[in-house]
Amino acid sequence: MITVTINVNGEKRTASVPPETSLLRMLRDNLNLTGAKLGCDVGDCGACTVIVDGKTVNSCLMLAAQADGRTVLTIEGLATADRLHPLQKSFENYGSLQCGFCGPGVLMSAKALLDENPSPTVPDIRDALGGNLCRCTGYTKMIEAIQVAARAMRGEPAEKTA
Amino acid sequence: MRAFELVTAKDSRHAVALLAELSASAKVRVIAGGTDLMADLHFSSHVPDVIVDISRAEDLKNIAMTGEGLSIGALVTHTQIMRSPLIRDMFPALVDAAHTIGAVQTRNLGTLGGNLVTGVPSMDSGPTLVALEAVVSIAGPAGRRQVPLAEFWLGPRKTVLKPDELLAEIIIPKQNLSKPTHFLKFGLRKGQALALVNVAASFRVDWDKNIFVAPRIALGAVAPKVIRALKAEAYLEGRTVTPEAMAEAGRVAVGDAKPISDFRASAEYRKDLVAVLTKRALEGAYELAKAKR
């Protein structure tokens, strides 16, 4: 067994896991953070996307041991108890999710994009979501919602998007 | 996933010591970004006994100019390549190639060294580096040895690395710094797609005579490994730079390719792609050469 300590959503958490444990399995099974989803488990679908030290990763492709000592943000860390993140609010307003399975991953990809680029173009957004597969809602409403959230986060008034 | 033992290397020297010690009696694999290995561990029945984690070896994460040329550490990620001011300035083709790999999440994790070591013939890092005559520096128990990248692969997923060796550094030689180079990939989608064919073309122009100098063309996904299109290069060497010459070089390059038919594309389709992409890659490199003149 390997002892892994990560700073997740602002809190220091430790777990003892077998060496072959992925970061995703540790988050879900040991830390009870089940927001990141287990989809393909081989890095294709993006449902497990979390942010490690500011960068999105497929948490299914990272060993838990490789995350030891690092800072992890999951969907559970995006909203506070009384307030949704502007991206979540915007996804809600625009009906950007139906079944929602891809949602936690999509939102983390969108969050990382806006952290680095507060004014993304549509091609920027499409590139940022390239690793997140959605099979029901489709991407158009997500792209709209991200544009609106970006505008809100820049402090600009809401405006109808394409 | 089946069980294995995991050891973490502090730096490249430690990693080589671990590999030398462990590989004598066990089946050992190295993990860096994990984007290939973690998927392999799911699908393959060959689970290693031990995995050496090199992802914390800081000495393999540098991008720097040295006396030999541009040195890129094996653990530099595709995202870091895309954002390096040095690489963006000298080799936009490397930035374009990195951008076509997987998606943001896999580019944040995946490393240049990993892409080369995995050794799939459709790898997107390969053609540009082969066209630029890159050399790889391999760390082993007796120190470093250098091998031209084009000779690093023995076939699909096979390299010259011995069990106690580690790919440490990729070097683009001094004489090719800022050499105009263009990379193109044709996949079935823009994101998360393997190349049906990828091509890099690189040459300088003798502007007094308006001729090709040192043309280099590398093709991916059309042979057991990334190959040079030697017939097309020979056709262009010393020839006057014209659109017709670039188109003809594309047709000649088809003769250098030995593609197979698989579920992604037929051999015939890949051959057509080689002609078109080679021509366009040469045109792209020429635009860059004019801009840098």
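Chain A splits into domain 1 (2-77) and domain 2 (86-153), with the bounds coming from an automatic or database domain assignment. Keep in mind that this is a predicted model: local features need pLDDT of at least 70, side-chain atom pairs count only at pLDDT 80 or more, and totals for chains, interfaces and linings use all residues. As for labels, residues are numbered from 1 along each chain as its sequence is written, while chains are lettered from A and ligands numbered from 1 in the order in which they are written.

**The two domains of chain A**

- The C-alpha centres of domain 1 and domain 2 of chain A sit 21 Å apart.
- Where they meet, 13 residues of domain 1 of chain A are in contact with 12 residues of domain 2 of chain A (contact means C-beta atoms, placed from the backbone, within 7 Å).
- On the domain 1 side, β3 (49-52) and β4 (55-58) of chain A each supply at least two residues, and β3(A) gives the most, with three. Strands here are DSSP runs of E, at least two residues, and helices are runs of H or I, at least four, numbered from the N terminus.
- Ala, Val, Leu, Ile, Met, Phe, Trp, Tyr, Cys and Pro count as nonpolar, Asp, Glu, Lys and Arg as charged, and the others, Gly among them, as polar.

**Where chain B meets chain A**

- 24 residues of chain B touch 24 residues of chain A.
- β1 (5-8), α2 (37-43) and α6 (104-109) of chain B are the elements giving two or more residues to chain B's side, and α6(B) gives the most, with five.
- By class, chain B's side has 10 nonpolar, 11 polar and three charged residues.

**Chain B overall**

- Chain B has 11 helices and 14 strands.
- Its C-alpha trace spans about 60 × 45 × 30 Å along the principal axes.
- Of chain B's 293 residues, 52% count as buried, meaning that 20 or more other C-beta atoms lie within 10 Å of the residue's own, with C-beta atoms placed from the backbone.

**The largest nonpolar core**

- This core holds 146 residues, and Ala134(B), Val197(B), Leu219(B), Ala253(B) and Val274(B) touch the most other members. A nonpolar core is a set of buried Ala, Val, Leu, Ile, Met, Phe, Trp, Tyr and Cys residues joined through C-beta atoms within 7 Å.
- Helix α11 (residues 267-292) of chain B brings the largest share, eight residues.
- Setting aside neighbours within four places in sequence, Ala253(B) has contacts including Leu219(B), Val274(B) and Thr278(B).

Methods: A residue is buried if 20 or more other C-beta atoms lie within 10 Å of its own, exposed if 12 or fewer, and partly exposed in between; C-beta atoms are placed from the backbone. Two residues are in contact if their C-beta atoms, placed from the backbone, lie within 7 Å.
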